[in-house]
Amino acid sequence: MTAQALSPTLSADELDLIDAYWRAANYLSVGQIYLLDNPLLREPLEADHVKPRLLGHWGTTPGLNLVYAHLNRIIRERDANVIYITGPGHGGPGLVANAYLEGTYSEVYSGISEDADGMRKLFRQFSFPGGIPSHVAAETPGSIHEGGELGYALVHAYGAAFDNPDLVVACVIGDGEAETGPLAASWHSNKFLNPVTDGAVLPILHLNGYKIANPTVLARIPQEELESLLFGYGYRPITVAGDDPANVHQQLATAFDEAFDQIAAIQRAARLDGEGGRPLWPMVVLRTPKGWTGPRDVDGKKVEGTWRSHQVPLSGTHSNPEHRAQLEAWLRSYRPEDLFDDDGALRADLRATAPRGQRRMSANPHANGGLLVKDLDLPPFTDYAVSVDVPASESAEATRVLGTFLRDVIARNTDRFRLMGPDETASNRLSDTFEATDKVWLAEIDADEENLGPEGRVMEVLSEHLCQGWLEGYLLTGRHGLFNCYEAFVHIIDSMLNQHAKWLSSSRQLHWRLPIPSLNYLLTSHVWRQDHNGASHQDPGFIDHVANKRPEVVRVYLPPDANTLLSVADHCLRSRHYINVIVAGKQPALTYLDMDSAIAHCTRGLGIWEWASNTTGDPDVVLACAGDIPTLETLAAADILRRRLPDLKVRVVNVVDIMRLQPDSEHPHGLSAREFDSIFTEDKPIIFAYHGYPWLIHRLTYRHTNHAQLHVRGFKERGTTTTPFDMVMLNDLDRFHLVMDVVDRVAGLGSSAAGLRQEMADARLAARRYTREHGEDDPAISGWTWDPDFEAPSLSQDTLSDEDR
């Protein structure tokens, strides 16, 4: 439908004020893109007043400013609690302009004062060396979404609205962004929004017709088809269209009144009248020209209303007098002398049209989530400890143990913690959480379905993009969560992680942005135990991707068993302003450390396991490991060596926090040269069994003294549907190959231990032959445990099961 008013929504005075405010925002936006000096045009525009390099985006900006001005009226008249998310984040000058007009900008950046000199500095800094970015970055007050990469605006908006019942998130979606896959899925977020406990999202689809160089899909389909599409997504679209400012102002005012009335009615019906089901939420479709109010034609070509206005409509203003004259005429068309007083401050009557205090969208605390963070009420994780009397003798499912902890985290934090995952919570052994909560579901529920309900704390949808985006929006507004995912498929959100990492890095430099809860990943169903699904599910490379990010914001943990996983998870849930990646298996696996030892080990981040070593002095070789399966194979290899080469001094080192491997000059968790050498030695061979791609370990350690003696085994992209042990053999990570590596690399063993090396090669062949005959691993291998007293025969090297002996 199109917004219609029987009588104008805005009085003549209101129309004049809102149009003047819009003109002021547009003037400041153009000034940021172009001007170095002469901010109020109190003298003719000269070349020296114009920036030599013009960087910025004009095309979307007037539309963003229009929406902002009208939301201000809604906030002021209704005392509404609103934050503003702009998918077209390259409209950064508009959001900076509005923060400046509201006074927030000068509050957080005291050097940018509300006068002519402050305006000059505001203009100069934009997209300028030593200044601010061109997008709606962390430096912009009121922003939780930079919008540099398109696709995530709407999902961030919904994440912000969850568990914020009084908040309305106004989200502008550009018609270019609407063509992206993540945005297409994001429309379905309304199926997970509970009108009782959550806030509301008002999507505003801005159809200005063009992206960078082409028309947009949704702007060119028939209106009836567009409205049918949006209705099918579960929205009631209200259309505003035109190119006459006065007419569009009236339409948009009517549309926003209608939309906010509908939101209030939906929430009232759900909260007071107990009306169930999924409501039909309102949204606005806004059709205005791209680059509206800018130059209509440049060099004989149409600009306003075309793709040519996307970035800088007048590109030669520093050197081309004609372009500079057009720029001056463009700026003067906003009549700055009517908008700003003699000192350069916004007119008092215009300033009064903006909300005050924390109702200003640029000062809303929900857009600076660190102001609102409440610590999680965490149960003592030690209460969930697995008993370990003898290392590597009993088994547990690490993530199932973690699930009991998370169950109680959810129960104690029903307003500030959510568990996200792409339909894998039960598969990842976290189903104990359903004893405390449901999965969010507002659609129909059949009688035989389980654990579904509108107030669930677990959010499952088969889109990693939505899981990531919801969680980011939730964290950025001051709440906590965990994203659990199959390890191979978390790559789908690689680019989203990039953007979040950049946001965290930038916001760390801003005194006025307080730290937010960390983005926590639990990656399970990992590369070494996807033997049933095969190569498509086998990829540990997300760790490499994360390790490329700024060291002050990324952490990677590989807890080897259940108790270390509990310790790491508790630490990550308590942390602030990091990206924490935890990789842990879900299958039954040996347990190694009692809880006290696990806490100490995780606190150190790595350490010597003396119970698995056969020397407390200088070793002949170091067996290092990171990850649950590499730890198993390393210990089994150590078992063979202590029996077959008892005079060989073996040190076993386990690494939980792989960032500890870097020098302390490269990462806050890094080891000093002295610490690294004391653990890994200065000159002895290091055989390192690693969960992921082996070159990452080389990259982390290459500056250390003994790097030349480091030999890493890991995933070499050799995977298929096979048995667990066959998987490690395919990648030369198995216990037998690790023993062969020791023989090959310890001085003096090559000849004296040649017989053992041959036995290990034969053991590999026998193990593979067993899998081909029986369809499973030899129980002598899969059932191996650690015998601390050497009393039992070693099943590490005996590859015949009992029935075949």
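**View 1. Trp611 and its ring partner Trp786 in the predicted model.** Trp611 is partly exposed at a relative accessible area of 26% (buried is under 20%, exposed over 50%, partly exposed in between; 1.4 Å probe, protein chains only). Trp786 counts as buried, at 5%. The ring centres of Trp611 and Trp786 are 5.6 Å apart and the planes stand at 90°, so the pair is edge-to-face (rings of Phe, Tyr and Trp, the last by its six-membered ring, pair with centres within 6.5 Å; planes over 60 degrees apart are edge-to-face, under 30 stacked, the rest tilted). Trp611 sits in the loop between strands S18 (606-608) and S19 (621-626), and Trp786 in the segment after helix H27 (779-782), 175 residues apart (helices are DSSP runs of H or I with at least four residues, strands runs of E with at least two, numbered from the N terminus). Ring pairs join both to Tyr592, Trp609 and Trp784 in a cluster.

**View 2. Arg642 over the face of Trp786.** Arg642 lies 3.9 Å from the ring centre (criterion: NZ of Lys or CZ of Arg within 6 Å of the centre and within 35 degrees of the ring normal). Arg555 lies likewise over the face of Tyr578, at 4.2 Å.

View 3. Val739 is buried, with a relative accessible area of 0%. Leaving out residues up to four places away in sequence, Val739 touches Ala637, Ile640, Leu641, Leu756 and Met760 (heavy atoms within 4.5 Å).

Residues are numbered from 1 along each chain as its sequence is written. In this predicted model, local features need pLDDT of at least 70 and side-chain atom pairs pLDDT 80 or more, while totals for chains, interfaces and linings use all residues; side-chain values use heavy atoms, without hydrogens and water.
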